[in-house]
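Subject: Structure for your review

Hello,

Please find the structure below, followed by notes on what turned up in it.

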Amino acid sequence: MGGTNPSLLDAMAARTPLAAHNNPFNKSILKKNALFFADEADVCNLINANEYANKKHIESNYSAIENEFTWDAIIDAYENYFLECHPAVYQYYPLNRENTLYKKTV
């Protein structure tokens with residue numbers, strides 16, 4: 001898996017222990033709530049260790065799905081990003097949502 005993609009979010013929502021490739025995208029989403037591997041030797045070690053069942057990691061991942069990766073949060077993040085790219089657009093399109101960077105100050 002790589003970064004915020006449907007299969008990573010599905011795995012988090014499944015409330016199961018996760019092992020993910022050690023890259024910046026996965027780490028930014030999973031934080032410390034997974035086992036990370038860099039190569040095939042690491043994968044073998046994870047499989048052979050067979051000791052992972054950290055309930056705190058599992059519940060933290062599920063909580064992220066419920067609170068951070070909602071459609072409203074995702075839409076707001078994209079909307080804010082687009083407005084940051086073109087701030088002049090704000091005068092024509094002020095957002096009214098709560099958690100936006102561009103609150104109307106009139």
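Glu 59 and Arg 15 form a salt bridge, with 3.8 Å between the closest N and O atoms. Glu 59 belongs to helix H4 (residues 55-67) and Arg 15 to the loop between helix H1 (6-13) and strand E1 (19-21), so this pair ties together parts 44 residues apart in sequence. Glu 59 is partly exposed, at a relative accessible area of 40%. Arg 15 is also partly exposed, at 43%. Please keep in mind that this is a predicted model.

Arg 15 has a further contact: its charged end sits over the ring of Tyr 62, 3.6 Å from the ring centre.

How many salt bridges does a search of the whole structure find? The count is 2. Besides the pair described above, Lys 31 forms a salt bridge with Glu 68, and here the closest N and O atoms are 3.4 Å apart. This pair, too, links distant parts of the chain: Lys 31 is in the loop between helix H2 (24-30) and strand E2, Glu 68 is in the loop between H4 and helix H5 (71-85), and 37 residues separate them. Lys 31 counts as partly exposed, with a relative accessibility of 42%. Glu 68 falls in the partly exposed class as well, at 40%.

Now the aromatic residues. The structure holds 2 aromatic pairs. Tyr 78, Tyr 81 and Phe 82 form one aromatic cluster. Elsewhere, Lys 27 lies over the face of Phe 36, 4.9 Å from the ring centre.

H3 gives the most, with 4 residues. By residue type, the lining of this second largest pocket divides into 10 nonpolar, 1 polar and 1 charged.

To recap the salt bridges for your own notes: Glu 59 pairs with Arg 15, and Lys 31 pairs with Glu 68.

Regards

Methods. Residues numbered from 1 in each chain as written. Predicted model: local features only at pLDDT ≥ 70, side-chain atom pairs only at ≥ 80, totals over all residues. Heavy atoms only, no water. Phe/Tyr/Trp six-rings, centres within 6.5 Å; stacked < 30°, edge-to-face > 60°. Lys NZ or Arg CZ within 6 Å of the ring centre and 35° of its normal. Helix = DSSP H or I, 4+ residues; strand = E, 2+ residues; numbered from the N terminus. Nonpolar A, V, L, I, M, F, W, Y, C, P; charged D, E, K, R; others polar. Salt bridge = Lys/Arg side-chain N within 4 Å of Asp/Glu carboxyl O. Buried < 20%, exposed > 50% of the residue type's maximum accessible area, 1.4 Å probe, protein only.
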